[in-house]
Structures are given as C-alpha cells and as structure tokens.
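Subject: Handover of a structure and its findings

Dear colleague,

Please find below the structure that I am handing over to you. My findings follow directly after it.

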Amino acid sequence: MSEPIHPGSTAAEVSAALAALEDPRARAVNERHGDDHGVNLTKLRTVAKALRSNQELALELWAEGGTPERLVAILIARPRAFSESELDAMLRAARVPKVQDWLVGYVVKKSPHTEELRLRWIDDPDPVVASAGWALTSERVAKRPDGLDVPVLLDAIEAEMQEAPERLQWAMNWCLTMIGVHLPEERERAVAIGARLGVLEDYPTSAGCTSPYAPVAIAELVARQA
C-alpha cells in the first residue's frame, strides 16, 4: 500500500489500498468458490481493522460495488444502524457468495431485525435469498428454538432439499443438521430424512473434517457434546 490506511481514510484511498493487494494466486483460489477478487482475506481484515468502526465509510464502500470494498464495509459497519429494508436490499444486491455469507454472519445476525428478515427470506423465490433465511433459521435452532414450528421446517426440508439449487440445498442441509444436534426429540426424524434423501452423502471430506452429510454430521456433533 502506498499510503497507510487509518481511521480517517477515504473510500477512494481504501479502494486504492485494496487494489494494491490484488494477487493472481489469491484470485485463483477465490474464484474456485465463486468469488470475484484476488485479495487475501487476512490482509483485507487488516485493512478493516485499521479503519475501525465507521458506518458512513461502510455505506460509501458498499456503494462502490466491488467485492473487496463490500467485504471491508461489512467488517466496519454498525449492524444495529441498518433498517430492515436496507439489509433486505443489500442481500439482494450481494451476488457473490463471500459477501452474502459475511453480510448474514457479521451484520444481519447482529441486527435488531434478524427474526423479521428470517421470516421474510426463508420462502423467497430467489434461492440465494432463501438460503439466507435458512441460515438464520439454523442459528435460531441452535440458540433460541422456542416458538419455531420444527415439524413444519422438517416437512419443507424433506419435500424441497433434494432438488434445491446448491446454495439453498447447503443451507437447508445445515438446518437439518442443527435440528438433529440441538433438538433430541426431533433427532430420529432428522437423521431419517438425511438418510432417505442422501444429500451430500458422497461429498469429499478431508481427514479430520466432519462430513456435511446430515446423519454423519449429527452423530459426530452430538458425540462432541457428550
């Protein structure tokens, strides 16, 4: 970086710093996951850390539209400062997987509108938006399941997961896993659904990692809790 990034840096200066971090090797790795940039994420986080929390700058960087700028925007934003409609519009504008994941994980989950957005998104016809709704549902299953109609969730997973587009399928499968892990009364059905559908059963899993196949993942995660 030609000029050190600091809390008073402008959006243009941040964009220039991120452009200077572009690395063809990092781009090759990121593109394999559907992301369209070549900035090492550890270095990107260092840029965000130097900027500190800055909602105004976050909005300017998000408006720039580039993936590195939007990732930094997410890291320096104040989650509680966004309205429900702003977060809905941001998710629909975020077509890059890493931006979607970080937006949900670092902003939406910390906002006061999480439940409203979960309900708004889970049945959305756009599978990317729906996947965010299922991600928020997984979080609720794990942390605050009271009030959820879990049998209805399992009905939807059983009927729709096998033919769902990839990102939505992964999100539904993780929700199925979380139900099996955190709700013992629904564990038998969750495992049976996973076994019958066979979603991600043959997914290659590295040594030491947990398979995403729900029956295996449920068993391993429950065993860790013992």
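Glutamine 225 touches Val181 and His182, leaving aside residues up to four places away in sequence; contact here means heavy atoms within 4.5 Å. Glutamine 225 is found in helix 13, where helices (H or I, at least four residues) and strands (E, at least two) are DSSP runs numbered from the N terminus. With a relative accessibility of 48%, glutamine 225 counts as partly exposed; buried means under 20% relative accessible area, exposed over 50%, and partly exposed in between (1.4 Å probe, protein chains only). From glutamine 225 to valine 108 the separation is 117 residues in sequence and 27 Å in space, C-alpha to C-alpha.

Please note that this is a predicted model, in which local features need pLDDT of at least 70 and side-chain atom pairs count only at pLDDT 80 or more, while totals for chains, interfaces and linings use all residues. Residues are numbered from 1 along each chain as its sequence is written, and side-chain values use heavy atoms, with hydrogens and water left out.

I turn next to helix 5. Helix 5 (residues 67-76) is largely enclosed by the rest of the structure, because 9 of its 10 residues are buried. These buried residues are Thr67, Pro68, Glu69, Arg70, Leu71, Val72, Ala73, Ile74 and Ile76. They pack against helix 1 (11-20), helix 3 (41-51), helix 4 (55-64), helix 6 (84-93) and helix 7 (97-107). One of the buried residues, Arg70, also lies over the face of tryptophan 62, at 4.3 Å from the ring centre. A charge sits over a ring if NZ of Lys or CZ of Arg is within 6 Å of the ring centre and within 35 degrees of the ring normal.

The next topic is empty space. Rolling a probe the size of a water molecule over the atoms shows where such space is left. On a 1 Å grid over the protein atoms alone, a cavity is a set of points where a 1.4 Å probe fits but cannot get out, and a pocket is an open set with protein on both sides within 12 Å along at least five of seven lines; lining residues have an atom within 4 Å of a point. Grid points are joined across faces, edges and corners, and a volume is the space filled by probe spheres set on the points.

The structure holds 1 cavity of 30 Å³ or more, and the largest cavity has a volume of about 40 Å³. Its lining consists of Ala58, Leu59, Trp62, Ala73, Ile74, Ala77, Phe82, Met90, Leu103 and Val107. By class, the lining has 10 nonpolar, no polar and no charged residues (Ala, Val, Leu, Ile, Met, Phe, Trp, Tyr, Cys and Pro count as nonpolar, Asp, Glu, Lys and Arg as charged, and the others, Gly among them, as polar).

The largest pocket has a volume of about 1000 Å³. Of the 35 residues that line it, Asp101, Arg167, Trp170, Ala171 and Trp174 lie nearest its centre. Helix 7, helix 9 (127-143), helix 11 and helix 13 are the elements that give two or more residues to this lining. The lining divides into 16 nonpolar, 11 polar and 8 charged residues.

The second largest pocket holds about 180 Å³ of space. Among the residues lining the second largest pocket are Arg118, Asp123, Trp134, Arg140 and Asp149. Helix 10 gives the most to this lining, with 3 residues, and the classes are 7 nonpolar, 1 polar and 4 charged.

Finally, the structure holds 2 aromatic pairs. The rings of tryptophan 102 and tyrosine 106 have their centres 5.4 Å apart and their planes at 65 degrees, so this pair is edge-to-face. Rings of Phe, Tyr and Trp (its six-membered ring) pair if their centres lie within 6.5 Å; planes under 30 degrees apart count as stacked, over 60 as edge-to-face and the rest as tilted. Both residues lie in helix 7, 4 residues apart, about one turn of the helix. Tryptophan 102 is buried, at 7% relative accessible area, whereas tyrosine 106 is partly exposed, at 28% relative accessibility.

Tryptophan 170 and tyrosine 203 form an edge-to-face pair, with 5.1 Å centre to centre and 80 degrees between the planes. Tryptophan 170 lies in helix 11 (residues 166-182) and tyrosine 203 in the loop between helix 12 (184-197) and helix 13 (214-225), so the pair ties together parts 33 residues apart in sequence.

With kind regards
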